[in-house]
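Please read the following report with the sequence and the 3D view side by side. Each heading takes up one part of the picture.

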Amino acid sequence: MAHIPDGVLSLPVLVAGGTLAAGGLALALRRLDDRALPKVAILAAAFFVASLIAIPIGPTSVHLLLAGLMGLVIGWATLPAVFVGLLLQTVMFGFGGLSTLGVNTVNIAGPGLVLGLALAPVLTRLSPARAGLLAALAGGLAAAGTGGLVALALVASSKSLAATAPIVLATYLPLVVGEAIVTGLAVSFLKRVRPETFAAAPAPLAAGVHP
Amino acid sequence: MIRLVFALLALLAVAIPAQAHRLKLFATVEAGNVSGYAFFVGGGRAAGVRLTIRDRDGHLLHGGETDADGGFRFAPDRPIALVIAVESGDGHIAETSVDAERFGAGANPPLLAATLSTVVPEAAPAPAAESPPLDLSAAAEARIAALVEAATARAVAAQIRPLLEAHAASEGRARFNDIVGGIGMIVGLCGLAAWGFSRRRPS
């Protein structure tokens, strides 16, 4: 699953993930908008709690990640939100590990962040129903992206692809469906009752510094 | 509103088999056999995951998969410290170790029983001939002591197994305090950030 524990990955993968996460976090914190703080905190809390509801599938179990939703609603702040959620899950529940914090942050937040940045501007112009469909696509793709990155991290740490790929595929397919449904419903609902949620999200991006 | 209700119902349906998300391994020693199972904290056995049993130096002693109930069983040929690990193939890993002392007296009860059955007939004629009927030879006494020790170890192992299982299951389980504490931490961080912003931009 997305919470890779200590002792599975090789050192180069850990260092690469840690460096990428640190750089992304620094960038994201510079772009953090004070008006978005409550949204970020709520989504971080939702992410933190969502991992406690896991369903066993085959030899493993899955739970919601909500990265697609985070990417659409809070953009760059997905990174700190996921980082804080993962840190607390590691310290309090022993999910994942401290050494893999960087890799896990990148794996979970990365796809959601990229999709959110790409699709959030489109979302503002859509009706709630269409926005829900687009968000479902984003949520599903974000989960699939996380699955791909987890498999990549495992294979790069010299786990055999033949052993990893079928399990990752089998566990992430239901997750993709679940994420798509939850993200779609959540965005369509937010779009209906608080359309300004998505109007505000890309604003700090447009005004922000371009690296 | 209806959508919200549906969303909540959907979440609830997902939450009913609520399980925390962490692979763990339970192992205990009974009568010289290591047995146990792999499970996810909060319930659910991990069936068909790769299992390896190694000694302290990393030599592979046993490799295979857990059965349909996530269980495994292994009989080492001598009392030895074991490191048991399971790996689900998608990044879940769990490891536990068993000390050589755990195999102690109960290591090979069939062997001990066999030795006793050969010892007692030998010892039996001796007390019959001499006056004290229970004057066993020192060797027989030592063997009986070992046998009693083995039987006690087996009985204790059977009694403490449920306790060990309960401990393994509760260890690492997400408690309500932890969940609320984590949410409080996030709220606090949010407040800290808001305070930082307010100091940076006094208006």
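## Burial and make-up of chain B

A residue is called buried if 20 or more other C-beta atoms lie within 10 Å of its own, exposed if 12 or fewer do, and partly exposed in between, with the C-beta atoms placed from the backbone. By this rule, 25% of the 203 residues of chain B count as buried. The model is a predicted one, in which local features need pLDDT of at least 70 and side-chain atom pairs count only at pLDDT 80 or more, while totals for chains, interfaces and linings use all residues. Residues are numbered from 1 along each chain as its sequence is written, and chains are lettered from A and ligands numbered from 1 in the order in which they are written.

Chain B has 5 helices and 7 strands, where helices (H or I, at least four residues) and strands (E, at least two) are DSSP runs numbered from the N terminus. Starting at that terminus, the order of elements in chain B is α-β-β-β-β-β-β-β-α-α-α-α.

## A sheet in chain B

In chain B, 3 strands form an open, antiparallel sheet in the order β1-β2-β5; two strands pair if DSSP finds at least two bridges between them. Because β1 (23–30) and β5 (71–74) of chain B stand at the edges with a single partner strand each, one side of each has no neighbour in the sheet.

Strand β2 (residues 33–40) of chain B is joined to β5(B) by 4 bridges, and the two run antiparallel. Val34(B) has Phe74(B), in β5(B), standing opposite.

## The nonpolar cores

A nonpolar core is a set of buried Ala, Val, Leu, Ile, Met, Phe, Trp, Tyr and Cys residues joined through C-beta atoms within 7 Å. The largest such core has 74 residues, and among those with the most contacts inside it are Val40(A), Met70(A) and Ala81(A). Several elements of chain A give two or more residues to this core, including α2 (37–50), α4 (78–93) and α6 (128–156), and the largest share, 12 residues, comes from α6(A).

Which residues does Ala81(A) contact, leaving aside its neighbours within four places in sequence? They are Val40(A), Leu43(A), Ala44(A), Phe47(A), Met70(A) and Ile74(A), where contact means that the C-beta atoms, placed from the backbone, lie within 7 Å.

Terms used:
Contact = placed C-beta atoms within 7 Å.
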